[in-house]
Amino acid sequence: MKIAIVCYPTFGGSGVVATELGLELARRGHEIHFITYSQPVRLALLNPNVHYHEVIVPEYPLFHFQPYELALSSKLVDMVKLYKIDVLHVHYAIPHAYAGYMAKQMLKDEGIDIPMVTTLHGTDITLVGNHPFYKPAVTFSINKSDYVTSVSQSLKDDTLKLFNIKNEIQVIPNFIELDKNNYDPTVPCRRSVMAKPEERIITHISNFRKVKRIPDIIKIFYKIQKEIPSKLMMVGDGPEKEKAEKMCRKFGIQDKVIFFGNSNEIDRILGLTDLFLLPSETESFGLAALEAMACGVPVISSNSGGLPEVNIDGVSGYLSDVGEVDEMAENALKILKKDSVLAEFKKNALHVAESFDIKNILPVYEALYLKAINKY
Ligand code: GMT
């Protein structure tokens, strides 16, 4: 199949899922066209089946806001015609499903029917899309998609609760490529550079937005490090990072917390990690938690959104109500204090992650594309 994938190219989970999906589809022989405003961070263009087309929005002084949707829908029309694309798969409703719908209409005018699959990722529904300024357009474009998928049951429930959706929503969970985790402890960036042998390594990875409850992470770690020798690795960048750095200085733990910024070496960092923290306010899925579990790292998370579908309480880690930092720290210590308990949780985390293997999820997307193509 020839599949056009529209996504955000940044470090966010939706872009990562879209990129990994496209790369795996390409490996299975499909022709994949990524269409976005810059090269997705996890995209290496070394596969003949992978193409990347940049959406360029020319600056014009009259426009206070440059019309990205317009440029994207025009690009979609051009690429569908040029490469004879069979199906559009747009990740994140805003504005991709809207631009996709416009492209569909323009193509229809020229006698081309192209099916569109929209995947909802979370913040496009729970945070941004729900805003009254966007809601009618988001509802419209979800209803006008040929097929709609959501990355968890929880996100499907939220979508049906918040929007007037007439379309079916199929839950297709996010996935992980387990074979890719080829962490080798002998290569540089070894554990000894990060921590002393007796120290446990705790990690958080995100875009440091408010929804991630970054101050909770610092509070949880503060309690952990009082009980056991440990280090905290904070990976990523975003608006809450400075506040977190200040908190660490205030608590006097700045020497125990390493801020990395955005990294392309997530597997390597997770390969050194003993415990992952994700106390988010809401999380439609929690891809970062799954990536940690796939590296054999147990997770302490909140129980909001789709997290209970990924992190199994008492098995791959523990879940608590949002903001329950004392309980989260106690649970973290339960896992970290004894080598034998930690080893058990690590094994379980990997085992749970195996149920999200891309090999099981990819055929579900392939079947959906075929159904969409056969619709017209
Ligand atoms: O986590 C973020 O804030 C980024 C956001 C995105 O749109 O990329 O992530 C959302 O999509 C991910 C991939 O499906 C999910 O794993 C995240 O849970 C979801 N984030 C939220 O719901 C807050």
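1. Residues are numbered from 1 along each chain as its sequence is written. As the model is predicted, local features need pLDDT of at least 70 and side-chain atom pairs count only at pLDDT 80 or more, whereas totals for chains, interfaces and linings use all residues.

2. The ligand is surrounded by 20 residues, the closest being Gly 12, Gly 13, Ser 14, Gly 122 and Leu 287 (near: C-beta atom, placed from the backbone, within 6 Å).

3. Domain 1 (2-175 + 357-375) and domain 2 (178-354) both contribute residues to this shell, so the ligand lies between them. The domain bounds come from an automatic or database domain assignment.

4. Helix H1 (residues 13-27) supplies the largest share of the shell, 3 residues. Helices (H or I, at least four residues) and strands (E, at least two) are DSSP runs, numbered from the N terminus.

5. In H1, 12 of the 15 residues are buried (20 or more other C-beta atoms within 10 Å of the residue's own, with C-beta atoms placed from the backbone). Among them are Gly 13, Ser 14 and Glu 20. The buried residues of H1 pack against elements including strand E1 (2-6), helix H11 (287-294) and helix H15 (358-375) (contact: C-beta atoms, placed from the backbone, within 7 Å).

6. Gly 29, which follows H1, has a positive phi, near 100°.

Methods: Two residues are in contact if their C-beta atoms, placed from the backbone, lie within 7 Å.
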